[in-house]
Structures are given as structure tokens and as C-alpha cells.
Amino acid sequence: MGKKFYDVLEIPETATEDDIKKAYRKMALKYHPDKNKSPEAETKFKAVSEAYEILGDKSKRCKYDKFGDNPVQYDTFQKSNNAYPFGYPPFDFFNGKDPFSTSGLNDFDFFNFFGGTDPFATSGFNSNNNFGSSNPFTRSQSTRCYSTRSKTRKQALKQDPPVIHDLYVSLEDVLIGCTKKMKIERNVLNHDRVTTRREMKVLTINVKPGWKAGTKITFKEEGDQNPNSIPSDIIFIVKDKVHKRFERDGCDIKYNCNISLKQALCGVNLMIPTLTGELLPLEVNDIIYPDMEHRFFGQGLPLPKDNSRRGNLIVIFKVQFPDALTDDTKSVLMDCLPS
């Protein structure tokens, strides 16, 4: 047996032209001697090139499919002297006429050659023959080159649009991670694959430490089932719950600390809350300006890609000014404060 060109390219015999081109490109790149230094690379590269030379040409591929492993050699054989077993073209035996043609015969009478009858016009042999009802001289067609199969293909189903839900998480959830159980209701196909029923399902979401708002969690094809479409994806998008004390800024958390004008001018000792419930002492003796910040490093939220590191807790001072002052207080302040 000769080389199996389809096996060389690792493709089925039903491969399309695009399949053949893609397979050749893949195999040629894989076994090219400039890229592949293995001992067998050059041999395999030549085999791949030879296979593509045949299968990449419609005419050569058709001959290969019909006549065997080497259509080029077969074609050469047909054109060589060896194609004539008697040493001369077979039609020369019949004065240059085609004895198998039933029309245009002048010098040679095809029917007289067979006793005045057409040997191919048998629609059913009688007791004088043993071939049955089929013509013994009929050659079968190549199923690939002359396929009569329908070209129509079943239309691919389209997927329904995704269904999107918000997933609210607290800062405490993002700090340590948590598990959320989300209950959904959807249509499910019955065994007849036509009618549907309503069904409840619980989807489990493992919230990881440090997840940012906007993170998407997708459950593939968990939406309503319909006979003429692919179920939609269910997508949850992370959103931060409003916290009564802190505000998120990426991996940092901000805390607004209200102090009086007196504390801002004279200094203050404070206890700053954290997400874990711990209180951090803070002493400030310098003058505190409105919206001035103080940072506690490593007291924020975990970094999404490295949970061993955390952002900062940012304290923002909000100075509370008095609504009104008495004349005596104003007089004292005028004397005490620099102009």
C-alpha cells in the first residue's frame, strides 16, 4: 500500500479545502527542519508536503480518492506506452474508431462487432445470460467526487441573551470572603423536549477576598430552556453594599472622623474603628485642617491577586465649626488667635 495522505495530515476523508489547508499549515510548521531538530522531522515534513500536493489539488485529490494511493503515478501510467498492453493505442485496432461509442460510426459498425446487438442495452438478462438485471459494464461513481448527498445543514441554534443580576456584598464579606447562595427560577424542558415546567435552582457563589465591584460570575447556560434555542448564561455582577461607617476606594477604605474646632486647634486623642471590630488609637497634637488625612497601613481590604497584602485605612478629619459664637467668646478668640 502507498502512503495514506489523509493520515499524514491527520484529517478525515470528508475534510473540506479549508480543513486541508489548516492541517497542512499546522503540520508544516510543526515538522519544518528549521524549527524541529528531531531526526524524523525532515522525513515527516516531506511526507506532509507530498500529501498536501495531492489533497490540495481538486483534480489530483479526485483521482487519489478513486484510484488509490498515488494518483500522479496513475496519471503517468495512463499516458505512458505501458498503458497500451499491445504496444499501440487500442482504438488503432478498430481503425482509429472508438468501439464503445454508439454514434458517428462510419468505417466500423459497432453493433455488427457484437452480432448486430448492443451489449450495453440489457435491461434484464434471460435464460441466455447469468448477469442479472444490472449492467456488468457500469463503473460505480466515487461517492466523494460525485456526491449526491444533500448540501443542506441543520441550522445552528442561537443562544438567548444573558440574564444579569446584581450581587451585593458587604465590606466584611470582601475582607474575608464568603459563600452566597442565589436562588433562581427558570423554565426547564420536559422529556418530550417541547413543553417546559418551572423549576427552582440554587447557584453557589464563592466570594473571594478582595473582589472588586464589577467582578462578573458567569453560570453557563443556566437560563430558561427552550426547544429552539440555547439557554442563556446567568451573570452576577458584584456591587458593594453601602456601609454605615466606611467607604470603599479600591483596596483602601475611608473613614470620616468628626472632630470639633477645639480638637482641631488644640489636639485630640481618638479611637479609630476597623472592619474587624478592633479599635486603633490615634493621637494628634498638630493643628488639624479640614479633610486632612491619616493612614493606617495594611488595615484595608485584601488585594485581589495577593490576599496576603492589604490596602490602607484612611482617616479623613471632618472639622465641625460652631453655628454661632457669643461676643465674649469672640473677644477671647480675638485675643488668643494670631491675626
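Helices (H or I, at least four residues) and strands (E, at least two) are DSSP runs, numbered from the N terminus. This is a predicted model, in which local features need pLDDT of at least 70, side-chain atom pairs count only at pLDDT 80 or more, and totals for chains, interfaces and linings use all residues. Residues are numbered from 1 along each chain as its sequence is written, and side-chain values use heavy atoms, with hydrogens and water left out.

**Figure 1. Strand β7 around I253.** Strand β7 covers residues 252-260 and includes I253. I253 has a relative accessible area of 0% and is therefore buried (under 20% relative accessible area; exposed is over 50% and partly exposed in between, with a 1.4 Å probe and protein chains only). Contact here means heavy atoms within 4.5 Å. Beyond four places in sequence, the contacts of I253 include L171, F246, E247, L275 and Q299, and also G300, L301, N312, L313 and I314. The C-alpha atoms of I253 and I314 lie 6.2 Å apart, although 61 residues separate the two in sequence.

**Figure 2. The largest nonpolar core and F317.** A nonpolar core is a set of buried Ala, Val, Leu, Ile, Met, Phe, Trp, Tyr and Cys residues joined through side-chain atoms within 4.5 Å. The largest one holds 35 residues, and F236, I272 and F317 have the most contacts inside it. Leaving out residues up to four places away in sequence, F317 touches C257, I259, L270, L282, V284, I288, Y289, P290, D291, M292 and H294. Another core, of 14 residues, lies apart from it and has F5, L9, M27 and I54 among its members.

Figure 3. Helix α2 runs over residues 17-31; its 15 residues should span 21 Å at 1.5 Å a residue, and the end C-alpha atoms are 21 Å apart, which agrees. The expected span is 1.5 Å times one less than the number of residues. Buried in α2 are I20, A23, M27, A28 and Y31. These buried residues fall within an arc of 125 degrees seen down the axis, so they line one face of the helix; the arc is that of the directions from the helix axis to the C-beta atoms. An α-helix has 3.6 residues a turn, so residues three or four places apart point the same way. D18, K22, R25, K26 and L29 are exposed on the other side of α2. The cover over the buried residues of α2 includes α1 (5-8), α3 and α4 (58-67).

**Figure 4. Helix α3.** The 15 residues of α3 (residues 41-55) should span 21 Å at 1.5 Å a residue, which agrees with the 21 Å between the end C-alpha atoms. Its buried residues are A41, A47, V48, A51, I54 and L55. They cover an arc of only 155 degrees around the axis, which puts them on the same side of α3.

Figure 5. With a disulfide taken as a pair of cysteine sulfur atoms within 2.5 Å, the count is zero. C257 is buried, at a relative accessible area of 5%. C336 is in no disulfide, and the nearest cysteine sulfur, that of C266, is 9.7 Å away. C336 is exposed, at a relative accessible area of 60%.

Figure 6. pLDDT is the predictor's confidence in each residue, from 0 to 100. The protein averages 80, and 73% of its residues score at least 70. Over residues 81-95 pLDDT stays under 50, and the model has 13 contacts beyond four places in sequence for them. Residues 118-143 also stay under 50, with 24 such contacts.
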